[in-house]
Amino acid sequence: MNNTIKELALQCGAWNQVYDNKELMVDRTFDVEKLAELVVKECIDICESGTSTQTTSGGAAILIKQRFGIK
């Protein structure tokens, strides 16, 4: 799991798994809406902080993929 996603999930009520092969656990208290908002905020931050070349649609997409570990 990508560290950025893991950190955001922990902020939303997930916790580290201590057994089995899963990295994180969630229950009914996990705030999915908050996770979605945090992911969108990360994307906005990437777009706002990039150079003029990086904030084009293609450049921003590359930076977002890198931040979230998407190929």
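Which residues make up the largest nonpolar core? In this predicted model, that core has ten residues: Leu-8, Ala-9, Cys-12, Ala-14, Leu-24, Phe-30, Leu-35, Leu-38, Cys-43 and Phe-68. Residues are numbered from 1 along each chain as its sequence is written, and side-chain values use heavy atoms, leaving out hydrogens and water. Local features need pLDDT of at least 70 and side-chain atom pairs count only at pLDDT 80 or more, while totals for chains, interfaces and linings use all residues.

**The core**

- A nonpolar core here is a set of buried Ala, Val, Leu, Ile, Met, Phe, Trp, Tyr and Cys residues joined through side-chain atoms within 4.5 Å; buried means under 20% relative accessible area, exposed over 50%, and partly exposed in between, with a 1.4 Å probe and protein chains only.
- Helices α1 and α2 (32–49) each supply at least two residues of this core, and α2 gives the most, with three residues.
- Helices (H or I, at least four residues) and strands (E, at least two) are DSSP runs, numbered from the N terminus.
- Cys-43, a member of the core, is in contact (heavy atoms within 4.5 Å) with Ile-64 and Phe-68, leaving aside its neighbours within four places in sequence.

**Helix α1 and its surroundings**

- The buried residues of α1 are Thr-4, Leu-8 and Ala-9.
- Seen down the helix axis, these buried residues fall within an arc of 130 degrees, so they line one face of α1; the arc is taken from the directions from the helix axis to the C-beta atoms.
- An α-helix has 3.6 residues a turn, so residues three or four places apart point the same way.
- The cover over the buried residues of α1 includes β2 (24–25), α2 and α3 (57–68).
- Thr-4 belongs to α1, which spans residues 3–11, and has a relative accessible area of 16%.
- Beyond its neighbours within four places in sequence, Thr-4 is in contact with Glu-42, Arg-67 and Phe-68.
- Just after α1 comes Gly-13, with a positive phi of about 110 degrees.

**The cysteines**

- Zero disulfides turn up in a search of the whole structure; a disulfide would be a pair of cysteine sulfur atoms within 2.5 Å.
- Cys-12 is buried at 5% relative accessible area, and its sulfur is 14 Å from the closest cysteine sulfur, in Cys-43, too far for a bond.
- Cys-47 is partly exposed, at 33% relative accessibility, and its sulfur is 7.0 Å from the closest cysteine sulfur, in Cys-43, again too far for a bond.
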